[in-house]
Amino acid sequence: MPSDARGEDLVARVWEALELPGSAMDYHFVLQDAVERLWSTRGSYPAALELLEVFALLDLELMEAAPQAVSFDDTDPVSFVRVTSVPRLIGLLEREGAFTEALAVAKRLTRFGQGEDAVGRLSEKAGALAAEATAAGGA
């Protein structure tokens, strides 16, 4: 994928790349790169954040279906490369106040030895939000 692809061109190239033959790791890196590019162009491309969420969730689903996509252990993955796409989505959801959704994504990421800190932080925020809603409902 050309490094200068942006906006709709980038999105089209990602979908094309995912249709081509390749390994799970190839697809992971296509998705992860797309997430980072969309993040960097979010100010100039209105659909960037929505597509970032689509590609990050697709990357997480790929990781869950084929853990070797993020591991150099071909047979029985036990160690994983650092993923940036899913934490980017977790951060975005957290900034939007979608703590429950961010927590659910972070919990899924822990399978890959990542996201534990986000789970702790988001558990507290989601708990505080639930307590606040309960208190407001009883008032």
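Predicted model: local features only at pLDDT ≥ 70, side-chain atom pairs only at ≥ 80, totals over all residues.
**Notebook: rings and core of a helical chain**

I began with Phe-55, which counts as buried because its relative accessibility is 0%. My scale for this: buried is under 20% relative accessible area, exposed is over 50%, and partly exposed lies in between, with a 1.4 Å probe and protein chains only.

Numbering runs from 1 along each chain as its sequence is written, and side-chain values use heavy atoms, with hydrogens and water left out.

**Layout**

I looked up the secondary structure next and found six helices and zero strands in the protein chain. Helices here are DSSP runs of H or I with at least four residues, strands are E runs of at least two, and numbering starts at the N terminus. The C-alpha atoms fill a box of roughly 60 × 40 × 20 Å along the principal axes. Of the 139 residues, 42% are buried.

**Core**

Which residues touch the most other members of the largest nonpolar core? I noted Leu-38, Phe-55, Met-63, Val-86, Ile-90 and Leu-122, in a core of 44 residues. At least two core residues come from each of helix H1 (7-19), helix H2 (24-40), helix H3 (48-65), helix H4 (85-95), helix H5 (99-109) and helix H6 (116-138). By definition, such a core is a set of buried Ala, Val, Leu, Ile, Met, Phe, Trp, Tyr and Cys residues joined through side-chain atoms within 4.5 Å.

I then followed Ile-90: leaving aside residues up to four places away in sequence, Ile-90 touches Ala-102, Val-105, Ala-106, Leu-109, Ala-118 and Leu-122. Contact means heavy atoms within 4.5 Å.

**Aromatic pairs**

How many aromatic pairs are there? I have two on the page. Rings of Phe, Tyr and Trp (its six-membered ring) pair if their centres lie within 6.5 Å; planes under 30 degrees apart are stacked, over 60 edge-to-face, and the rest tilted.

Trp-15 counts as partly exposed, because its relative accessibility is 38%.

Phe-80 and Phe-112 are also edge-to-face, at 5.1 Å centre to centre and 85° between the planes. Phe-80 sits in the loop between H3 and H4 and Phe-112 in the loop between H5 and H6, 32 residues apart. Phe-80 is partly exposed at 23% relative accessibility, whereas Phe-112 is buried at 2%.
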